[in-house]
Amino acid sequence: MILQAVLVACFASVALGSICCSPDKWEGYQFTYGEFAQRRGSLLAGKPAFKTTRLQVSYNAADQKVATYGNYTDNGQVVKFKSINDYKAGRGYYILPAQRICSSFQLGGQFQRACVPDNAEDQGPYAFGVGDNRLDVQGYQVKSRKNGDDVTTVVTVTQDGCVPVVENMWGTRSGLTFFSNVGFNDLTAGIKDPSVFQPPDYCEEGPVEKLDFLHAGYSIMRQ
């Protein structure tokens, strides 16, 4: 099988108002490619910017914690970072390990479980691979139009376990036209080392520039 059996066998619980949810605890990698451009009326203003991101993600819905570690490329510049969001404590941490810099800040909003909402449109079952290397998946689409935003999200999850595989998102938000693709790779069940959610002892209160706000509130599985 393409995904590890231990993860596929970890059936997801279903949250209220959801078709399915990913396992409560998992770790893996997210590789993201995205582009965005400023829109003025019906025209695009300026050259589109792009970002690529490779993140190691630890997701713990039971304790409402998410930790990410990796790097992102912003117009050719590579930045290594780590972030920790502890929603029960209401605190977030943005860390630059090489510089020993850590900014602590108050989290806004509530923890969002990785769930397919019940208003998602069924995009039909299909499969990746062939023969014994076949992975049966299910696609869903969610269209959101609110506060001037117009965003479409399409997510692919495993038929068995609701494990995320791919998520695509595109549309217009806050005057920006954007596209984002996220691939979920090498996922395993559980949290190997709980200390991944522990911030370093040199954290200080301070402002944090958001890496990518375009997906916030519209993403289904992305962390």
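Modeller: Start with one residue. Leaving out residues up to four places away in sequence, Lys65 touches Ser58, Tyr59, Asn60, Asn85, Asp86, Phe111 and Phe197. Keep in mind that this is a predicted model.

Biologist: Which strand holds Lys65?

Modeller: Lys65 lies in strand S4. Now look at Phe111. Lys65 and Phe111 are 46 residues apart along the chain, and their C-alpha atoms are separated by 8.0 Å.

Biologist: Is Lys65 buried, partly exposed or exposed?

Modeller: Buried means under 20% relative accessible area, and exposed means over 50%. Lys65 has 24% relative accessibility, so Lys65 counts as partly exposed.

Biologist: Now the whole chain. How many helices and strands are there?

Modeller: The chain has one helix and 14 strands. Buried residues make up 44% of its 223 residues. The accessible surface comes to about 12,100 Å², and 50% of that belongs to carbon and sulfur atoms.

Biologist: What share of the contacts joins residues at least 24 apart?

Modeller: Take the contacts between residues at least 6 apart in sequence. Of these, 52% join residues at least 24 apart.

Biologist: How do I read a nonpolar core?

Modeller: In soluble globular proteins, nonpolar side chains tend to be buried together. Here the largest nonpolar core has 27 residues. Tyr59, Val116, Val155, Val157 and Met221 have the most contacts inside this core.

Biologist: Which elements give two or more residues to this core?

Modeller: They are strands S3, S4, S5, S6, S10, S11 and S13. There is also a second, separate core of seven residues. Ala67, Tyr93, Cys102 and Phe197 are among its members.

Biologist: Which residues is Met221 in contact with?

Modeller: Set aside its neighbours within four places in sequence. The contacts of Met221 then include Val116, Val155 and Val157. Cys162 and Phe184 are also among them.

Biologist: What about charged side chains?

Modeller: Side chains of opposite charge can pair when their charged atoms come close. The count in this model is six salt bridges. One of them joins Arg113 and Asp24, with the closest N and O atoms 2.7 Å apart.

Biologist: Where do Arg113 and Asp24 lie in the chain?

Modeller: Arg113 is in the loop between strands S7 and S8. Asp24 is in the loop between strands S1 and S2. The pair links parts of the chain 89 residues apart. Arg113 is partly exposed at 25% relative accessibility, and Asp24 is partly exposed at 33%.

Biologist: What is the N to O distance between Arg91 and Glu205?

Modeller: The closest N and O atoms of this salt bridge are 2.6 Å apart. Arg91 is in strand S6 and Glu205 is in strand S14, 114 residues apart. Arg91 is partly exposed, with a relative accessible area of 21%. Glu205 has 60% relative accessibility, so Glu205 counts as exposed.

Biologist: How do I read a phi angle?

Modeller: Most residues other than glycine have a negative phi. Cys162 has a positive phi, near 60 degrees. Asp186 also has a positive value, near 55 degrees.

Biologist: Are Cys162 and Asp186 buried or exposed?

Modeller: Cys162 is buried, with a relative accessible area of 3%. Cys162 lies in the loop between S11 and strand S12. Asp186 counts as exposed, at 60% relative accessibility. Asp186 is found in strand S13.

Biologist: Last topic. How do I read aromatic rings?

Modeller: A pair of aromatic rings is described by the distance of the centres and the angle of the planes. The whole structure has six aromatic pairs. In one of them, the rings of Trp26 and Tyr59 have centres 5.2 Å apart and planes at 25 degrees, so the pair is stacked.

Biologist: Which strands hold Trp26 and Tyr59?

Modeller: Trp26 lies in strand S2 and Tyr59 in strand S3, so the pair ties together parts 33 residues apart in sequence. Trp26 counts as buried at 1% relative accessibility, and Tyr59 counts as buried at 0%.

Biologist: Which residues do ring pairs link into a cluster?

Modeller: Trp26, Tyr59, Tyr87, Phe111 and Phe184.

Note on methods: Residues are numbered from 1 along each chain as its sequence is written. This is a predicted model: local features need pLDDT of at least 70, side-chain atom pairs count only at pLDDT 80 or more; totals for chains, interfaces and linings use all residues. Side-chain values use heavy atoms; hydrogens and water are left out. A nonpolar core is a set of buried Ala, Val, Leu, Ile, Met, Phe, Trp, Tyr and Cys residues joined through side-chain atoms within 4.5 Å. Buried means under 20% relative accessible area, exposed over 50%, partly exposed in between (1.4 Å probe, protein chains only). Helices (H or I, at least four residues) and strands (E, at least two) are DSSP runs, numbered from the N terminus. Contact means heavy atoms within 4.5 Å. Accessible areas come from the Shrake-Rupley method with a 1.4 Å probe; for residues, only the protein chains shown count as cover. A salt bridge is a side-chain nitrogen of Lys or Arg within 4 Å of a carboxyl oxygen of Asp or Glu. Rings of Phe, Tyr and Trp (its six-membered ring) pair if their centres lie within 6.5 Å; planes under 30 degrees apart count as stacked, over 60 as edge-to-face and the rest as tilted.
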